[in-house]
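Here are a few exercises to work through with the model open beside you. Try each task before you read its solution.

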Amino acid sequence: MQFSDSLFATRFHITRQDLEKYLSEALSHGGDYADLYFEYLLTSSISIDESIVKSAAQGVNMGVGVRVIAGERTGYAYSDDLSPEKIRKAAHVAAYIAKGPSKVEKFDLKEGAHHNLYPVLQAPTEMAFAERVDLVRRADRAARAFDPRIFQVQALYADDLRHVMVATSDGVLSIDRQPLARLSVSALARVGDGPPQRGHSGGGGRVELSFFQTEKTPEHFATEAAREAIAMLDAVDAPAGEMTVVLGPGWPGILLHEAVGHGLEADFNRKKVSAFTDRIGQKVASELCTVIDDGTINSRRGSLNVDDEGQPTRRNVLIENGILRGYLQDKLSSTLMHAEPTGSGRRESYEYAPMPRMTNTFMLAGQSDPADIIRSVPKGLYCVSFGGGQVDITNGNFVFSASESYLIEGGKVTRPVRNATLIGNGPEALKYVSMVGNDLKLDEGIGTCGKESQHVPVGVGIPTIRIDRMTVGGTA
Amino acid sequence: MLELANEVVKRALAAGATDAECTIAEGEEFSANVRMRELENLKEAGSRGAGVRILIGKKTGASSTSDLSPEGIAHLVKSAIELADVTNEDPHAGLPEREELGTISGDLRLSSPDVPQLETELKIETARRAEEAALSTDPRISNSEGASFDSHTGRHIFANSRGFAGEYRTSYCSLSVVPVAREGESMERDYWETLARGFAGLEAPEKVGRIAAQRALRRLNPVKVETQKAPVVFEPRVARSLVGEIFDAVHGMSVYRHQSFLAGKLGEKVASETVTVIDDGTIPGLFGTSPFDDEGVPSRRTVVIERGVLKSYLLNCYAARKLGMKTTGNASRGLTGNAGIGHGNLFMEKGTATPEQIIGGIRNGFYVTQVAGFGVNIVTGDYSQGASGLWIRDGELAFAVSEVTIAANLKDMLLGLEAIGNDLEFRGSVAAPTLKVGEMTIGGK
């Protein structure tokens, strides 16, 4: 999209001269760099509970964030009012951080080429509500129809359409239109008056509404949620202690997000507070492991044409055959570390300065047949779905909590087990990966990553893998 | 702003709504971060937004906007009205009854006049002093993620078509420090924080820095213990999370859906007799206090668990109608949408034992100072979390432990609470003293 066609030019009448003026204002007290992040966000959501569409909501949120960098210092201010006086005031506040003459004198804003990863003609947010309401109704019906033991179903559909514009004192002018949609379903099952069990599923991406009608239907997610709830009815206590763990393909890739992804974000490494600090070139995983963070996959939830600093996203190799290759950079860290940008500068909204973040993080497929991986394990745990994860980047310890897993006994998947958290240490855990399946799968598009209270959509993926040693937090 | 809220309600009624409620929020935030003795980040900004929820009979619609211009407000009302078309009739939907509406009178001390007047230099200096104290505690504190001073002032306005219109102002400031300790290959961080409605209520920066440093230091060179069953002591900062789990389990929406292990257990013994849990949104100056909830119902004190017996769920009007009960004044929401449920000041009453006495009575056990993960299932009560802390040997804190899990079922944990400390402190809207659970499974080597 061209600047002149963007909503910021047409509706808010912002001109290139305005942008240059605001950047000058931001650098009026000095500083090495300044940028402006304009955002106009439309959101909508619909939910069903007890087969009643109980709520539907839509919202508009807009604003601009102004950032000034001076050495290691960052000044930040924002305004939810796009009038020139308010933007200039924000620029003036952000400028407070810097002292002395600015090193930047002239701005020549240029629109660079960038990807077109989500050529969505009509975003779901721009469609009539009636069509979207149908998605949650269908999900409710399908989950209930799956099995008479399903007694509660909730489904939530949410989408947003984010218009962004980034202008930087480096001369970058970048405009993007970022659609995002997701449908999630949760179901409760019980036998008679027995204790209930829960199942959950969901997915989406930067897609048109037709995605939910043809590729991943409400029935698909509903059936999956109901299946998980029913499966858990027979769950036995999870084991406790170190054992062999097999992760199923797709969403269990959250392991990579927690075990290595966060620890490789450049801000932590620049400050030398990550367990991966100064370990580039070292072996941090078995040679079967190659881990990629790729923001350029079509239509994915974690993908972006440009990051929130106006840089085109890239495919970044984090670990190659077990060797640590690189960090995820934003403008500030890449400048201070004299490193290449990686297109990883992201923020939740105009209210926040960007930080290095992941996009879609996954492990490349290996050679093993997934069935052989299971067969190879005399006794262990097979985890197919997770609730979420967390990491302490300084000591490297990470957890991820299994919501659906099974015992492996004598090379066969046997009984389902109750929820259990798995724990490991980032630079160590992947050294125990002894088999990698040929079945790489990306998740369905449901992940949200939190860092320093900023939440951004992300994706993960993994083939079936065998980890010889990991601590499982059960009770048995 | 109160006029604007009333105006939005009036316009919604004029556009065809049979009931309407409007929330307006305004806030100013400031944040300064000092790292390795240098100013690193400075942020200052303000924002505001409005939301409306309407009913047309038993159907609802909702919308929100950050655009408070006349066009923005017109669009806000129109959007909400349109949406009532796509929702279903919900027999339990509706606003509180007129007699349920109201506000607590008197000064709740939610806003301190010193906060908006603080000089930027003072705020930066406060953060600098806190980090300096951490860095100078011990040579092993050789790095830091910095110290932050944050402050916030806000205004909250709510009006509905049943005659309620109210507003209140809030303020807070906080100071936190995250030092990094290093010894050989071992690197650990921890944090300490002080939070108050006004600057004068903060703990001294030197104290905050020193505590943060001591906490990071005691985590150095941790051991992964053997898998075993043992008593577990939760320090207050972590015990809070257990009170948070109780909140999730008595949350009215989860209760009517039967997705809580405490659903249907009113009047039953659900915890050890020494356990009393109270939600009180009326205590002046605290962080969970408000004059009215997000439906315009006065905040109140609700005994949730009394001497081990489940006495009340926490409810908004909707959950109350579903359960055939009365609201407990716990409605909570953002700018718009159907009200959810929140807590006021939710805490477990303190016991009589000092933390030292509790630890002193344990030969072999785990003193937990941090939990991590998403391994709590409120439907079943299954609890499995990553944990780190210190090992208790012969009544003493002996060595650091990390990379282990703790697991049990919350039902058993609550019934098996063997000791409750006398060290209750409100450092947020959820508070708990030191707690000892008789036995949990520790997953390690």
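Predicted model: local features only at pLDDT ≥ 70, side-chain atom pairs only at ≥ 80, totals over all residues.

Residues are numbered from 1 along each chain as its sequence is written, while chains are lettered from A and ligands numbered from 1 in the order in which they are written.

**Exercise 1.** Find the domains of chain A and describe the side of domain 1 that touches domain 2.

Step one: chain A splits into domain 1 (3–232) and domain 2 (240–473), with bounds that come from an automatic or database domain assignment. Their centres, taken over C-alpha atoms, lie 23 Å apart.

Step two: count the contact. Here 37 residues of domain 1 of chain A meet 28 residues of domain 2 of chain A; two residues are in contact if their C-beta atoms, placed from the backbone, lie within 7 Å.

Step three: ask who supplies the domain 1 side. Among the elements giving at least two residues each are strand 1 (33–49), strand 6 (172–189) and helix 6 (218–232) of chain A. Strand 6 of chain A gives the most, with 7 residues. Helices (H or I, at least four residues) and strands (E, at least two) are DSSP runs, numbered from the N terminus.

Step four: sort by class. That side of domain 1 of chain A has 13 nonpolar, 15 polar and 9 charged residues. Ala, Val, Leu, Ile, Met, Phe, Trp, Tyr, Cys and Pro count as nonpolar, Asp, Glu, Lys and Arg as charged, and the others, Gly among them, as polar.

**Exercise 2.** Work out how helix 2 and helix 3 of chain A are arranged.

Step one: the axes of helix 2 (residues 16–26) and helix 3 (residues 84–95) of chain A come within 7 Å and cross at roughly 30°. Axes are lines fitted to C-alpha atoms, for helices over the stretch in contact, and angles run from 0 to 180 degrees between N-to-C directions.

Step two: because of that angle, helix 2 of chain A is roughly parallel to helix 3 of chain A (under 35 degrees counts as roughly parallel, over 145 as roughly antiparallel, 65 to 115 as roughly perpendicular and the rest as oblique).

Step three: look at the residues. D18(A), Y22(A), E25(A) and A26(A) in helix 2 meet residues of helix 3 including P84(A), I87(A) and R88(A). The contact has 7 nonpolar, 1 polar and 3 charged residues.

**Exercise 3.** How many residues does each chain bring to the contact between chain A and chain B?

Chain A brings 61 residues and chain B brings 58. On the chain A side, strand 2 gives the most, with 12 residues.
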